[in-house]
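Hi there,

Here is the structure I promised to pass on to you. Have a look at it first, and then read my notes below.

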Amino acid sequence: QFTKPKQAEEYREAVMTLISSHFGRMGPVMKGQKPYDKAEIQANVAILSTLAALPWQAFPEGTQSEYALADIWKDPAGFKAAQEKFTSAVAKLSAAADTGDLEQIKKSYGAVGASCKSCHDVYHEKK
Ligand code: ASC
């Protein structure tokens with residue numbers, strides 16, 4: 001679906017921006033700065049779950065960029081494992097959101113953030 005590398009870059013950057021938005025807006029609840037509302041977290045986690053599946057189709061060969069490092073294509077198994085770490089962490093957060101157990105949600109939320117960071121540490125240029 002991408003005819004030019006730039007289209008793949010724009011697609012994945014747009015999705016990552018949305019992922020960061022929908023992940024980040026739960027931060028204040030996790031830090032106890034905003035009241036926990038079960039339905040609100042569930043609705044947001046549902047959006048995050050949909051978004052989490054999207055970026056990975058947008059890394060075709062030949063689309064290394066300012067942010068996407070060559071190791072993505074040199075180490076496809078590692079990159080795939082990093083994706084799966086993230087998507088499975090989001091699936092666990094979704095299950096936790098359904099329980100309504102805030103302590104479990106906080107733990108799962110932390111694991112999602114750690115999976116973002118561990119992939120970015122290896123495959124993403126530091127901003
Ligand atoms: C974000 C974002 C990331 C992650 C990461 C979590 O909101 O843009 O890359 O969280 O900072 O450690």
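Please keep in mind that this is a predicted model. I began with the ligand, and the residues around it are Ser-20, Phe-23, Gly-113, Cys-116, Lys-117 and His-120. By type, this shell consists of 2 nonpolar, 3 polar and 1 charged residues.

For Gly-113, a polar backbone atom is 3.2 Å from a ligand oxygen. His-120 also takes part, with a polar side-chain atom 3.3 Å from an oxygen atom of the ligand. On its own the ligand has 310 Å² of accessible area, and the protein covers 57% of that.

Next, where does the ligand sit? The space it takes is the largest pocket. Two helices, H1 (5–24) and H6 (102–123), each give two or more residues to the shell around the ligand. H6 provides the largest share of that shell, with 4 residues.

At least two lining residues come from each of H1, helix H5 (76–99) and H6. For the lining, the largest share comes from H1, with 7 residues. Sorted by type, the lining has 14 nonpolar, 7 polar and 3 charged residues.

Enjoy exploring it!

Best wishes

Methods:
Residues are numbered from 1 along each chain as its sequence is written. This is a predicted model: local features need pLDDT of at least 70, side-chain atom pairs count only at pLDDT 80 or more; totals for chains, interfaces and linings use all residues. Side-chain values use heavy atoms; hydrogens and water are left out. A residue is near a molecule or strand if one of its heavy atoms lies within 4 Å of it. A polar contact is a pair of N or O atoms within 3.5 Å; within protein, one must be able to donate a hydrogen and the other to accept it, and residues adjacent in sequence count only if both atoms are side-chain atoms. Accessible areas come from the Shrake-Rupley method with a 1.4 Å probe; for residues, only the protein chains shown count as cover. On a 1 Å grid over the protein atoms alone, a cavity is a set of points where a 1.4 Å probe fits but cannot get out, and a pocket is an open set with protein on both sides within 12 Å along at least five of seven lines; lining residues have an atom within 4 Å of a point. A molecule sits in a cavity or pocket if more than half of its atoms lie within 2 Å of its grid points. Ala, Val, Leu, Ile, Met, Phe, Trp, Tyr, Cys and Pro count as nonpolar, Asp, Glu, Lys and Arg as charged, and the others, Gly among them, as polar.
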